[in-house]
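Have the structure open as you read.

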Amino acid sequence: MVYELRKQPWFGVYLTYQVVSTTVFRLPYWYLSAFPPSWRPRPSWTITRTVLLRLFRHLFRVTQRTGSLVRFPTHHAIDPGANVKGVWVEPAPHLITGAILILAHAAHVSCTRIPGYWIDSDATLPPGASPKPGDKVLYRLHGGSYIQLSAHPADPTANIARGVLLRTTSITRTFAIEYRLSAAAPYEDANSFPAALLDALAGYIYLVGQVGFRPEDVIVVGDSAGGNLALAMLQYLRDYADYHPDLRLPRMPGGLLLLSPWADLGSSHEGPLSSLTSPFSVDYTGPTGPARTRTVSYAKIAFLGPFGLGFAEKSAWISPASLHPCIDVRFHGFPKTLVCAGGAEPLLDSIRTLWWKMARDMGEGGRG
């Protein structure tokens, strides 16, 4: 069970215990044990980095019992703040068809208006301002296992957008959509697949159809679950581009950046020798264990909703990197793509499979 201590008084008692025990015992021990370089996850790491990893791992385990310790902005409202450029993005039900329309009806999911947030190199630029000739925009789909984090500029994942703006001259604007997050027991079931996909499509249509960016000037970036969402969105744009003359979908974006994408929600990459169970992982979620297993299971249950866990084994929309024989995903027609992964992260094996499939269909360094 997850989030079993989310209610008072157990939430307060447990959190107080964790704050005191971590401050008095864990932090000093972590610092002392990190002094010998051979005792760190990587000998090249600093003491501070080693301690921060252990702290984040511990916080991760704590929040699996208490729920989130901070309030994330949601799709229900634009969260105001200093230099926050929020806009409302209208739904696009007229552009949803085929398998996704059928799955949406089955999950009782419909299109809805959601917020989006701009981060621009020019802080004085109004949100949603028309692009100048040659302007490129980064369309960001945040991670968080489909159950947490946010598109808001105050969210830690917004540093991806800021990093791109800082290090590139061709991309001067970024936009992130506040797609609906999934939930399951002990909370009320909400926003299962394909809710996030409907929202991601609405955000892309907003950039191209309303703001006025050319599709080739849009670079889509997705980290973790956002990478999964980006792959599903591009698959939809490709597969239904010529589905019906009245279905006027925008063309594919100019590029795709996948950062540690969660590309297999099934079990095809699980096993005793897989990266998912590696004891050498330096991921902040920690090596394989009850805490990570509970969280991943909850995220899958919430996201898959009425379709069940078995749906991830057979659906190309959910698990494009799956090794299951029922899933034959092709990436012909996808834009030039950069796939990034850490050498010791749990998702490494599935990311390698995804890269192999994309290189097979698109060629290395080329376009499909």
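## A loop residue and its surroundings

Ser-224 sits in the loop between β5 (218-223) and α6. Please keep in mind that this is a predicted model. With a relative accessibility of 22%, Ser-224 counts as partly exposed. Leaving aside residues up to four places away in sequence, Ser-224 touches Gly-143, Leu-259, Ser-260, Pro-261 and Trp-262. Ile-318 is 94 residues from Ser-224 in sequence, and the two are 13 Å apart in space, computed from C-alpha to C-alpha in the model.

Next, step into the helix. Asn-228 belongs to α6, which covers residues 225-239. Is Asn-228 buried or exposed? Its relative accessibility is 1%, so Asn-228 counts as buried. Not counting residues up to four places away in sequence, the residues that Asn-228 touches are Tyr-146, Trp-262, Ala-263, Leu-265, Trp-317, Ile-318 and Pro-320.

## Two helix pairs

Now look at how α6 meets α5. Their axes come within 10 Å and cross at roughly 70°, so α5 and α6 are roughly perpendicular to each other. The crossing in which α5 passes α6 is right-handed. On the α5 side, the contact is made by Ala-196, Leu-197, Ala-200, Leu-201 and Tyr-204, and these meet Leu-229, Ala-232, Met-233, Tyr-236 and Leu-237 of α6. Sorted by class, this contact has ten nonpolar residues, no polar ones and no charged ones.

The other pair is formed by α1 (residues 10-33) and α2 (residues 47-66), whose axes come within 11 Å and cross at roughly 160°. Why are these two helices called roughly antiparallel? Angles over 145 degrees count as roughly antiparallel, and α1 and α2 are therefore placed in that class. α1, too, passes its partner α2 in a right-handed crossing. From α1, the contact draws on Phe-11, Tyr-14, Leu-15, Gln-18, Thr-22, Arg-26, Leu-27, Trp-30, Tyr-31 and Ser-33, while α2 brings Ile-47, Val-51, Arg-54, Leu-55, His-58, Val-62, Arg-65 and Thr-66. These residues divide into ten nonpolar, five polar and three charged.

Helix α3 spans residues 98-106, and its buried residues are Gly-98, Ile-100, Leu-103 and Ala-104. Which helices do the buried residues of α3 pack against? They pack against α5, α6 and α8 (310-314). Just after α3 comes His-108, which takes a positive phi of about 55°.

## Backbone features worth a look

Most residues other than glycine have a negative phi, and most peptide bonds are trans. The table gathers some places in this model that depart from that pattern.

| Site | Backbone feature | Value |
|---|---|---|
| Gln-8 to Pro-9 | cis peptide bond | omega near 5° |
| Phe-193 to Pro-194 | cis peptide bond | omega about 10° |
| Tyr-146 | positive phi | phi about 70° |
| Leu-149 | positive phi | phi about 70° |

Where do these sites fall along the chain? Pro-9 is in the segment before α1. Pro-194 is in the loop between β4 (171-177) and α5 (195-211). Tyr-146 is in the loop between β3 (136-141) and α4 (158-167), and Leu-149 also has its place in the loop between β3 and α4. Tyr-146 counts as buried, at 1% relative accessibility. Leu-149 is buried as well, with a relative accessible area of 19%; the cut-off for buried is under 20%.

## Cysteines

How many disulfides does a search of the whole structure find? The search finds zero. Cys-111 is partly exposed, with a relative accessible area of 23%, whereas Cys-326 is exposed, at 54%.

Terms used
Residues numbered from 1 in each chain as written. Predicted model: local features only at pLDDT ≥ 70, side-chain atom pairs only at ≥ 80, totals over all residues. Heavy atoms only, no water. Axes fitted to C-alpha atoms, helices over the stretch in contact; angles between N-to-C directions. Helix = DSSP H or I, 4+ residues; strand = E, 2+ residues; numbered from the N terminus. Parallel < 35°, antiparallel > 145°, perpendicular 65-115°, else oblique. Left-handed = near helix turned anticlockwise from the far one by under 90°. Contact = heavy atoms within 4.5 Å. Nonpolar A, V, L, I, M, F, W, Y, C, P; charged D, E, K, R; others polar. Disulfide = S-S within 2.5 Å. Buried < 20%, exposed > 50% of the residue type's maximum accessible area, 1.4 Å probe, protein only.
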